[in-house]
Amino acid sequence: MSEPRTSERGLRIDKVSLVHHSGELDEYAFESGKLNILTGVRNSSKTTTLKVIDYCLGDRGSPADALKAAVASEHVEVSTDLRVDGRPYKLTRYFTHGRMGKIGINGDEIAASDFSDWILNELGWPNLLIPKGLHPTSATEQTPLSFRNTLRHFYRNEDSWTSFADKEQEFTRRAVVSQLLGFVRSRTAQANRDFDLARAKRRLNEAEAVDREVRESTLQAVTAISQNLDLPLVRSVEEVAGARRELRRELDAVYERRRLLTEEIQGLTDGSPSAGSPAGYDPSLTDVYSDITNRLRRATEEVTNLGQLLEEHQRSARTVTAEVSRMERLATSIEVFDTLPVRLCPACEQNVDPHRDHDEDACYLCFQPVDDDKRQRRAQVEIRSLKSELDDLDDVIARSRGDLDSARAHQQQLHARQAQLAQQLNQRRAAELAPFMATLEGLAAQIAQLEHKLTAFPAMEEIFQRRTDAHRSVLSAQLLVERIEKEQANSTAPGLSPMDRCFIFAERMNGFLARYMDTLWVAGQVSIRDTDLTFYVGSKPWDQGLGAEAKVLFFLAYSYATLFLNSDLDEECAFPGLLLLDNPYQQGIASGVVHQALTELAEAAHVTGTQVISTQTLRPPSAQHTIREIPMLQVYDTP
C-alpha cells in the first residue's frame, strides 16, 4: 500500500453530528489546513463538541460521564466523520442500552475496549506494552501504551493547560513523548528487556530460595520417615526404587510362607487321610451341622408361611365382623332410609328420578314389590350367613395358631441344636489350628509391618520429586536470565538519534516561544534530555521554572511543535496531524497573547496541511485564509 501524502497523514475531523430523539441533527463541519474556532456563549456546546470527538475516539465511560447528563438526555447518538491517513471513517457512539459500550465504525460495531488496537493499526503507530513504573527493573507488571494515552497530548482539555496530560503517570508521559518523536520502539524494547531481565532475576532468586528450603527439608523429612519405620536411609529417587524392590521381595517371601501354611491347614480342615483327627472329636460333625442347618431353614420357611396364613385368616375375620356390624346398622335404620330417594343407579351410575311412575308398594328402581317386613327378613338372613362364616373363620384361626406355635417350637429346637453343633465345630477347629495360630499371627504381623513400610515410599518419592522440581526451576530461571542477558537490544531508532530528535523538537518549540521573549516568556531556551525525556527551561525542569501563565504558553509551543513532526522528523514519529484545544485562555494569560498564539497555530496548520480545532468565547483573530469561525447555536441548561 502506498504511503499517504504529507497533508493526509494522521487524523483529520470532517464533521461532528448529534442526533436528537426527534431525529433532528446538529452538525458542525471542519476544514483541514486551518484553525477551526468554535465560538459562542457559555453552555453553547463548544466544549461538548470536542468531548463528542473524544468520546468517539474510544472513551469507555457512559454518555453522561463523557458528555454530561444534560447533553446525553437530549440525544440518541453522536458521530464523528474523520479521515485516518486519508481514509474516511464514520465513528458512532450510541446512547441506547446494550450499545453504550460499543463504537460503530462505518456501520460495523466493536467494543470500546478494542478501539485502541484498531486505530493504532490504522495509523501505523506501534502497539506496545510498557513497564508500569519509572524504572523498568523495579516494575512488576506491564501496561498497554494505548491510543488514548497519546490523544491526551494533542487533545488539551481545560484541565491540562499546566501539565502534559491530566492525571498522567510519568512513565506514560515518557513513552508518549518517545512515540511522538519516533523512537518508542527501540526505547520500549530496551525498557522491556530490562523489565524481563529484572523479572527473570527475581524469579531466579525465588527459585533458589525454594531450592535451598526444599533441600534442607527433604533430608530432614526422609531421615524422620526412615527412622520411624526402620527403613534404610535413602538419598535419591533411584535409592527409593531399590529399597522398594528389596522390601517387596521380603514381603513376597512372607506371603509364600503363609500360603504354604494355609494349604497345610486346609488339608487338616478338609479331613485328608494324612491329617488324621484329634482324639475325642467326631469327624462327622460337619455333615450333621449341614443337615441341621437345612432343616432349620425349612422350619423357618414353614413358620413364615404359617404366620402369613394366620394373618390372612385374621384379616378375613375382621372383614366379616365389619360386614355383620354394617348389616345390623342397616336393619335398624331401614325405616329411616325408607323415604330417602335413590339419585344414582348403583349399576350404571345413571341418574334415577324418584318420581317416575311405579306402584306404591314397589321399588321405583326395579319395580319389585317391597315392604319393611321383607327388608328386615332379608337383612337377618344376611347377618346369620355372615355369622356362620365368622364361626368357621374362628375355627380356622385357632387351628392355624396352634400349627404356628408348634412350628416355632420346632424352629427353636433346631436353632439350639445348630448352636450346639457350631460350638463343637469351633472347638474342633480350634484344636486342629492351635499348633499353627502363633505362626499365622506372626506372619500376619510381619505382612502388616512390611506393607506399612511400603506406604512410605510414595511419600519419599514425592519429597524427592519436589526437590527435583525445585532444582529444575532454578536451572530454567538461570537459562532465562542468561538468554535475556545475551540478547542484543536495538538501542537506536532508524534514522535520527533520540538526541537529535529531541533537539529538533525543542528547537521548534523555541522558534514559537521566541516571539514572546519581550512579553510573557523570559525563562530561557527549551531543551529535552533524551535519556528520561525531561523538558528543561533554562537550567531547570519546566515544572519548576515556570509560572502558571508561562506554562500555558509552554504547552501552546508543545502543541505547535507537534504540527511539524512529519516535516521535521520521519515516518517513525507518531504524527497526530490534529490539535484539539479547549479554551486556551487559561491562568489569566492575556487575550492578546492567545490571539497571537492561535494565529501562529493557524499558519502552522496551513503550512503543514494539519488541522486545529479550538474553543473560545472571545472574538477570534481575523485571518480568513487560515482561521474559520464556527458559531454554536445550541445552548444547554446548566444543571
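Author: The axes of α13 and helix α15 (residues 548-562) come within 8 Å and cross at roughly 125°, where axes are lines fitted to C-alpha atoms, for helices over the stretch in contact, and angles run from 0 to 180 degrees between N-to-C directions. That angle makes α13 oblique to α15, since angles under 35 degrees count as roughly parallel, over 145 as roughly antiparallel, 65 to 115 as roughly perpendicular and the rest as oblique. The crossing of α13 past α15 is right-handed (a crossing is left-handed if the near helix is turned anticlockwise from the far one by less than a right angle, and right-handed if clockwise). Helices here are DSSP runs (H or I, at least four residues), as strands are (E, at least two), numbered from the N terminus.

On the α13 side, F505, R508, M509, F512 and L513 meet L553, F554, L556, A557, Y558, Y560, A561 and T562 of α15, contact meaning heavy atoms within 4.5 Å. By class, this contact has eleven nonpolar, one polar and one charged residues, with Ala, Val, Leu, Ile, Met, Phe, Trp, Tyr, Cys and Pro counted as nonpolar, Asp, Glu, Lys and Arg as charged, and the others, Gly among them, as polar.

The model is predicted, so local features need pLDDT of at least 70 and side-chain atom pairs count only at pLDDT 80 or more, while totals for chains, interfaces and linings use all residues. Residues are numbered from 1 along each chain as its sequence is written, and side-chain values use heavy atoms, with hydrogens and water left out.

The structure holds one cavity of 30 Å³ or more, a cavity being a set of points on a 1 Å grid over the protein atoms alone where a 1.4 Å probe fits but cannot get out, with lining residues having an atom within 4 Å of a point. The largest cavity has about 30 Å³ of space, a volume being the space filled by probe spheres set on the points, which are joined across faces, edges and corners. Its lining consists of R501, I504, F505, R508, A561, F564, L565, D568 and L569, of which six are nonpolar, none polar and three charged. α13 (498-513) and α16 (565-568) each supply at least two residues of this lining, and the largest share, four residues, comes from α13.

Note on methods. On a 1 Å grid over the protein atoms alone, a cavity is a set of points where a 1.4 Å probe fits but cannot get out, and a pocket is an open set with protein on both sides within 12 Å along at least five of seven lines; lining residues have an atom within 4 Å of a point.
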